[in-house]
Amino acid sequence: MNYQVNEKGYYGNFGGAYIPEMLVPNVEELRENYLKIIYSDSFQKEFNDLLRDYVGRPSPLYLATRLSEHYQTNVYLKREDLNHTGAHKINNTIGQVLLAKRLGKTRIIAETGAGQHGVATATVCALMGLECIVYMGEVDIQRQAPNVARMKLLGAKVVPATCGSKTLKDATNEAIRDWINNPVNTHYIIGSVVGPHPYPDMVARFQSVISEEIKMQLTEKIKRDHPDYVIACVGGGSNAAGAFYHFLDNEKVKLIAVEAAGKGVYSGHSAATMVLGKPGIIHGSKTMLMQTDDGQITEPYSISAGLDYPGVGPIHANLFETGRAAFVNATDEEALKAVFLLCKLEGIIPALESAHALAHLEKLKAKKNEIVVVNLSGRGDKDLATYIEKMQ
Amino acid sequence: MITMENRIERVFREKKNNILSVYFTAGFPELNSTNVVIDELRKAGADMIEIGIPFSDPLADGPVIQHSSEVALKNGMSLKLLFEQLKKQSTFIPPAGQAGNQQPAILLMGYLNPILQFGVENFCKEAKECGIDGVIIPDLPLQEYLHEYKPIFDKYGILNIFLITPQTSDERIRLIDSHSKGFIYMVSSSSTTGIKAGINTTQEGYFRRIKKLKLKTPLMIGFGISDRNSFAKACEFANGAIIGSGFIKALEKGTDLKTGISNFIKSIK
């Protein structure tokens, strides 16, 4: 089975480029050039140098001994939370900004939910001296104030998305509209493995450094190049795509994607797309999508602003359909429990998003000799207000 | 089934210039205003009517049409209900012997997802029964259309209208022309709907470039056309023009829908 994108931009039945004609020249320009540019020597050198010296890669693969003891197995945490800007998002923004420069673009736009991708985009734009505009739902601007301040400090303009539900999906709509209105000088840095082809593939390749390192680090530590399980949270799915990437063809590795169940999968306040969605079109690709019978996109809910996306990357829709990855979910409450447990046992404050992946350890029941890697995609500084409120 | 000439093709056969097409969102301003608006547009002399299928996430639209879609959805509009409304439209029952004569061409314009959920074949079948002549689906690109959907649309005689923009290459325009029937929707500027008003010299340059290509398919200019001046200007370069956001704004203002529509069309033509 091949889990990579095919030459037409599809992962099995999912993907493609369902875009208005206004975006065709931009998306075609990317499609024709992205592989050529990414795999050129000069790009690879600049990209890898920045990942090492600016981001701080490789991120550690840490054997969480007390957590392992608690669950009676071997839990390794892939510490993407230690990256510059506090999450895996910067792996992708560095890659895309270098690509944008080579395409001669001078203006960068991005969407953001929790603000992590917005911060990572604002950061690389400051680094490269490029104009940066970040679209963010009005509701998210309220609940992620520290990240809004960070983006502004880094010189980005934060534009509120005031339509629809005023969250991530609406911010993405606004960014796409901006791109339609500025087709020549602008590159749109999408933050996840979503959007029209080639975005899902491009973002997955930039994030694949995560699993590349896991492979090397496990070999170094335990003399085997793969774990028994890789667990990652999924909103759009970029950290999961990166953590799964180099294990996709090794069927010995069980891949587990954890979606946000919010207040309960069937509570009406959930973001468990694989359970609640059906195939549909969102932001230019065919994928699993939460929608009404009439085909209107519905509003997901999660305590975590980075996971409440009504769609999912087409690579994941295919992993779901083929059964290559197991899609499970964790509620707000389970995620919060996982936050407090990691704080207590390991002295690490995880992001709410990553806590959904950690929460699955409760249900996994891995054997004593098995190796579990959890992708700790981000740190919890941005969620402190929520944690303080829930502490009692 | 009575085979009759597709009314879009008839419009362009009978009229070479100053063709007016008007867009409005189904279920806006009121749930049941769909048929009233169609009727008034027909009486006022619109050559084509584009009925917008409201969608929660209209990517190619600016604030005015976004708002009208939001209102229409809140009013309870759906594709299923739209077809039910259209079936009640008196203008869609052609008088015996003069099938469809003097009736404006009717198109549906909407995003792909609601159509996919309705089922593409089912959609075409219902559309045909309601007397729909063509569709404009902005997020259904040419390749996907040819690959998957063309045979279904052809079977029901529904024309699929493609867009071109100032950034579309000549090569691609020729490709689109070769697959087009009815007309090509020429987007006047690189923008979402209702953003840029009027027509400037850069756009005129683009219109001239397209005119020189001598395409086989008629051209209609849309986006940024909102009044007599911009309509007349657009008609210098194409067979006609399309008004959307400008008309929606007029619908919002008008206390009396019927007078409002008739006055608006008089102000254009």
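**Figure 1. The side chain of Arg324(A) reaches backbone oxygens of Phe247(A) and Asn250(A).** In this predicted model, the distance from the Arg324(A) side chain to the backbone oxygen of Phe247(A) is 3.0 Å. For the backbone oxygen of Asn250(A), the distance is 2.9 Å. To find the arginine in your viewer, look in the loop of chain A between α13 (314-322) and β13 (325-331). Arg324(A) has a relative accessible area of 7%, so it counts as buried. Leaving out residues up to four places away in sequence, Arg324(A) touches Tyr3(A), Phe247(A), Leu248(A), Asn250(A), Glu251(A), Val253(A), Leu255(A) and Leu319(A).

**Figure 2. Chain A meets chain B, with 34 residues of chain A in contact with 38 residues of chain B.** Between them the two chains bury about 2,800 Å², and 52% of this is on carbon and sulfur atoms. Three residues of chain A, namely Glu21(A), Met22(A) and Arg177(A), supply 23% of the area that chain A buries against chain B, more than any other three residues. Across this interface there are 18 residue pairs in polar contact, with both residues at pLDDT 80 or more. On the side of chain A that touches chain B, at least two residues each come from α1 (24-38), α8 (168-181), β11 (278-282) and β12 (285-289). The largest share of that side comes from α8(A), with seven residues.

**Figure 3. A salt bridge joins Glu21(A) to Arg172(B).** In this pair the closest N and O atoms are 2.5 Å apart. How many salt bridges are found across the interface of chain A and chain B? There are two. Counted over all chains, the structure holds 42 salt bridges.

**Figure 4. Arg107(A) and Asp178(A) form a salt bridge within chain A.** Their side chains meet at 2.8 Å, N to O. This pair links distant parts of the chain: Arg107(A) belongs to strand β5 (residues 107-112) and Asp178(A) to helix α8, 71 residues apart. Are the two partners buried or exposed? Arg107(A) counts as buried because its relative accessibility is 11%. Asp178(A) is buried too, with a relative accessible area of 6%.

**Figure 5. Helix α8 of chain A holds both Arg177(A) and Glu174(A), whose side chains meet in a salt bridge.** The N to O distance here is 2.8 Å. The two residues are three residues apart, about one turn of the helix. Arg177(A) and Glu174(A) are both buried.

**Figure 6. A salt bridge brings together Lys363(A) and Glu334(A).** The side chains meet at 3.3 Å, N to O. Lys363(A) sits in helix α16 (residues 361-364) and Glu334(A) in helix α14 (residues 332-346), so the pair ties together parts of chain A that are 29 residues apart in sequence. Lys363(A) has 41% relative accessibility and therefore counts as partly exposed. Glu334(A) also counts as partly exposed, at 30% relative accessibility. Elsewhere in chain A, salt bridges that share partners join Lys45(A), Asp49(A), Arg52(A) and Asp53(A) into one network.

**Figure 7. Five residues of chain A make a nonpolar surface patch.** The patch is about 460 Å² and is made by Phe340(A), Ile349(A), Leu384(A), Ile388(A) and Met391(A). A handy landmark is Leu384(A), which lies in helix α17 (residues 384-390). Why does Leu384(A) count as partly exposed? Its relative accessibility is 39%, while the partly exposed class runs between the under 20% of buried residues and the over 50% of exposed ones.

**Figure 8. Pro29(B) is found in a loop of chain B, between β1 (19-25) and α2 (34-44).** Pro29(B) and Lys249(B) are 220 residues apart in sequence, yet their C-alpha atoms are 10 Å apart in space. Which residues does Pro29(B) contact, leaving aside its neighbours within four places in sequence? They are Val71(B), Asn75(B), Leu251(B) and Leu257(B).

Notes
Residues numbered from 1 in each chain as written. Chains lettered and ligands numbered in written order. Predicted model: local features only at pLDDT ≥ 70, side-chain atom pairs only at ≥ 80, totals over all residues. Heavy atoms only, no water. Patch = residues over 30% accessible without salt bridge, like charges linked within 9 Å, V, L, I, M, F, W, Y side chains within 5 Å. Areas by Shrake-Rupley, 256 points an atom, 1.4 Å probe, with all protein chains shown as cover. Salt bridge = Lys/Arg side-chain N within 4 Å of Asp/Glu carboxyl O. Helix = DSSP H or I, 4+ residues; strand = E, 2+ residues; numbered from the N terminus. Buried < 20%, exposed > 50% of the residue type's maximum accessible area, 1.4 Å probe, protein only. Contact = heavy atoms within 4.5 Å. Buried area = accessible area lost by both parts, 1.4 Å probe. Polar contact = N/O pair within 3.5 Å; in protein donor to acceptor, adjacent residues only side chain to side chain.
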